[in-house]
Amino acid sequence: MWRVPRQLCVRVARGSKLSALWNRPAAFMSTLLINQPQYAWLKELGLREENEGVYNGSWGGRGEVITTYCPANNEPIARVRQASAADYEETVKKAREAWRTWADIPAPKRGEVVRQIGDALREKIQVLGSLVSLEMGKILVEGVGEVQEYVDVCDYAVGLSRMIGGPILPSERPGHALIEQWNPVGLVGIITAFNFPVAVYGWNSAIAMICGDVCLWKGAPTTSLTSVAVTKIVAKVLEDNKLPGAICSLTCGGADIGTAMAKDERVNLLSFTGSTHVGKQVALMVQERFGRSLLELGGNNAIIAFEDADLSLVVPSALFAAVGTTGQRCTTARRLFLHESIHDEVVNRLKKAYAQIRVGNPWDSNVLYGPLHTKQAVSMFLGAVEAAKKEGGTVVYGGKNEEEVFAWNNEVKQGLSSSIFTKDLGRIFRWLGPKGSDCGIVNVNIPTSGAEIGGAFGGEKHTGGGRESGSDAWKQYMRRSTCTINYSKDLPLAQGIKFQ
C-alpha cells in the first residue's frame with residue numbers, strides 16, 4: 001500500500017510571515033534601496049537609480065521604465081529602462097554583425113574568453129549573489145551558489161572548446177572521406193525566468209559562445225537588475241579583448257520583446273525557460289517559421305520512497321526538494337509517494353523538520369525560507385494549500401507494487417525530474433530502464449533538485465524536450481553537416497548504382 005502525504009505542504013504556509021512580507025505601507029516605498037547606505041554595494045555592480053536595459057556594444061534603451069522590487073520587504077530597488085521595438089531591431093543587427101567576427105575565432109580562443117568571464121564572475125560572486133537574493137528572494141547562500149553555477153559552466157565550456165567536433169566515418173566508396181562537420185547556428189536568443197536569473201543564462205551563453213554563436217538575452221522583467229549587472233561583467237571582458245560587445249547582447253523587456261524573438265527568422269535558436277503554458281506559445285511561433293527552439297518548462301516532480309529506503313536520506317531530501325528556493329525551482333518536489341511501512345515515520349519526521357524551518361529575511365544566514373517572488377505567487381501558494389485542505393489532506397491509494405508507483409510518477413504531463421529511495425539494485429536499474437521513470441532527470445537516493453552542470457539538464461513531454469549545460473547539449477547550439485570528399489579520380493556512386 002502506498003500513501004501520498006499531501007498535508008506536508010501546509011506547515012510553512014501557516015506562519016503569518018509569508019503574507020506579512022508583502023503588506024508594506026506605501027510610505028516605506030518612497031526611497032529606492034540603491035540610495036540607502038546599507039545597499040551601497042549595489043553600485044559595485046555598476047548599478048544606479050535608473051539603468052539602461054539594452055546592450056549591443058553600447059548601453060541604451062528607449063522603452064518603458066520599470067521598477068524592480070525586493071520581495072522580502074516589497075521596497076523598490078532601482079529602475080530599468082527597457083528595450084523598444086527600435087532597440088530590439090538595432091540590437092539584432094549588431095549581434096549578427098558581431099557574429100561574423102566571433103565565428104572566425106578558433107574555438108579554443110573563444111574558450112579563453114569564456115574562461116575570463118568565469119574569472120570576472122568569481123571576483124563579483126558575493127556581491128552578485130547578494131543582488132540575486134535581494135531581487136529574486138532566494139536565501140543568500142543559494143544566490144551565491146547560483147553565480148557559482150555560472151562560474152562552473154564557464155570552466156566546463158573552456159575544456160569543451162577543445163573537444164567539440166564530429167567523427168570521421170568510413171565511406172563505402174574508395175577514394176572518399178565521410179566526415180561530420182559542426183558549425184555554429186549563428187544568433188542564439190535566450191529568454192530566462194525569474195527563479196534562476198543568472199545560472200540559466202550562464203548554461204546557455206557559455207556553451208553557445210564556445211560553439212561560435214552570439215547571444216541575445218531577455219531576462220525576466222522582475223529580475224532586470226540582475227540581467228544588467230551580469231551583462232556589465234561580461235561586456236567588460238569582451239571590451240578588454242577588443243571584441244564586439246554585441247556578442248553578448250541584452251534587451252530587457254516584457255512579452256513584446258519575447259514575441260519578437262520567437263517570430264524573428266534571424267534568431268537561429270531560441271532557448272526559452274518558463275511555464276509550459278507560455279512555452280507552448282513560444283514553440284508554435286518558432287515552429288511556424290521552421291526555427292529551432294530549446295524549451296525548459298515546468299515540472300511536476302515526484303519522490304518515491306520504498307520500504308527499504310534510508311530515512312536519513314529521504315527526509316532531508318524531501319525537505320530540500322520542496323523548500324529550497326521557496327519551492328520555486330522547476331525541479332521542486334511536488335509529489336511524495338511513501339510505502340505504507342514507512343509512511344507514518346517519514347511524515348512525523350517531516351513535520352518536525354518543517355517546524356524547524358526558519359522563515360524570514362533571505363540575507364539572514366539562519367534563514368532557510370525567504371519570500372515568494374511576487375504577490376501572485378503568494379496567492380497561488382495559499383490557494384494550493386486551501387485546495388489541499390479541502391481534498392482532505394492525506395490521500396490513501398491502493399497501489400501495491402513497484403510497477404504501479406512507477407506509473408504514478410509517469411502519469412503527469414510533465415517529465416522533468418524524479419527520484420526514488422531504495423537499496424534494491426534490481427529496482428534501481430528498472431527505475432533507470434525503459435519501463436521506469438520517463439523524466440529527463442532520473443535520480444536514486446538524492447533529491448529531485450540540485451543537478452550538476454556536467455550532465456544534460458532538461459525534461460520530456462510538456463517540460464519541452466530541451467537539454468542545456470553538460471553532456472552533448474552543445475549540439476543544440478550548432479548545425480551539423482555530413483560531408484563527403486572525393487579525393488580520387490573516379491566517381492563511384494553510393495549503393496553500387498551504375499549510371500552510365
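Reply: Happy to. β5 and strand β6 (residues 75-81) pair in the antiparallel sense over six bridges; strands here are DSSP runs (E, at least two residues) and helices are H or I runs of at least four, numbered from the N terminus. Two strands count as paired if DSSP finds at least two bridges between them. This is a predicted model, where local features need pLDDT of at least 70, side-chain atom pairs count only at pLDDT 80 or more, and totals for chains, interfaces and linings use all residues. Residues are numbered from 1 along each chain as its sequence is written, and side-chain values use heavy atoms, leaving out hydrogens and water.

Me: Good to know. What stands opposite V80 in β6?

Reply: That would be I66.

Me: And what order do the strands of the three-stranded sheet come in?

Reply: The order is β2-β6-β5, in an open sheet with mixed pairing. β2 (50-52) and β5 each have a single partner strand, so one side of each is left without a neighbour in the sheet. From one strand to the next, the twist averages 35°. Angles here run from 0 to 180 degrees between N-to-C directions, with axes fitted to C-alpha atoms, for helices over the stretch in contact.

Me: Which helix lies across β5 and β6?

Reply: Helix α5 (residues 125-136) does, running at about 95° to β5.

Me: What about the seven-stranded sheet, which strands stand at its edges?

Reply: That open sheet runs β4-β3-β11-β10-β9-β12-β13, with mixed pairing. The edges are β4 (59-60) and β13 (292-296), each with a single partner strand, so one side of each has no neighbour in the sheet. Elsewhere in it, strand β9 (residues 187-191) and strand β12 (residues 269-273) run parallel and are joined by four bridges. I190 has S271 in β12 as its bridge partner. Helix α8 packs on this sheet, touching β3 (54-55), β4, β10 (214-218) and β11 (248-251), and its direction makes about 155° with that of β11. Contact means heavy atoms within 4.5 Å.

Me: Let's do helices. How do α4 and α8 cross?

Reply: The axes of α4 (residues 107-123) and α8 (residues 224-240) come within 9 Å and cross at roughly 135°. That makes α4 oblique to α8, since angles under 35 degrees count as roughly parallel, over 145 as roughly antiparallel, 65 to 115 as roughly perpendicular and the rest as oblique.

Me: Which residues meet there?

Reply: From α4 there are V113, Q116, I117, A120 and L121, which meet I233, V234, V237 and L238 in α8. They divide into eight nonpolar, one polar and no charged. Ala, Val, Leu, Ile, Met, Phe, Trp, Tyr, Cys and Pro count as nonpolar, Asp, Glu, Lys and Arg as charged, and the others, Gly among them, as polar.

Me: And what is the angle between α6 and α7?

Reply: Roughly 15°, with the axes of α6 (residues 140-160) and α7 (residues 199-211) coming within 8 Å. That makes α6 roughly parallel to α7. Their contact includes Y150 and V153 of α6 and W203 and I207 of α7. By class, it has twelve nonpolar, two polar and two charged residues.

Me: Switching topic: how many salt bridges are there?

Reply: A search of the whole structure finds 27, each a side-chain nitrogen of Lys or Arg within 4 Å of a carboxyl oxygen of Asp or Glu. One of these joins the side chains of D87 and R62 (2.6 Å, N to O).

Me: Where do those two sit?

Reply: D87 is in helix α3 (residues 85-102) and R62 is in the loop between β4 and β5 (65-70). The pair links distant parts of the chain, 25 residues apart.
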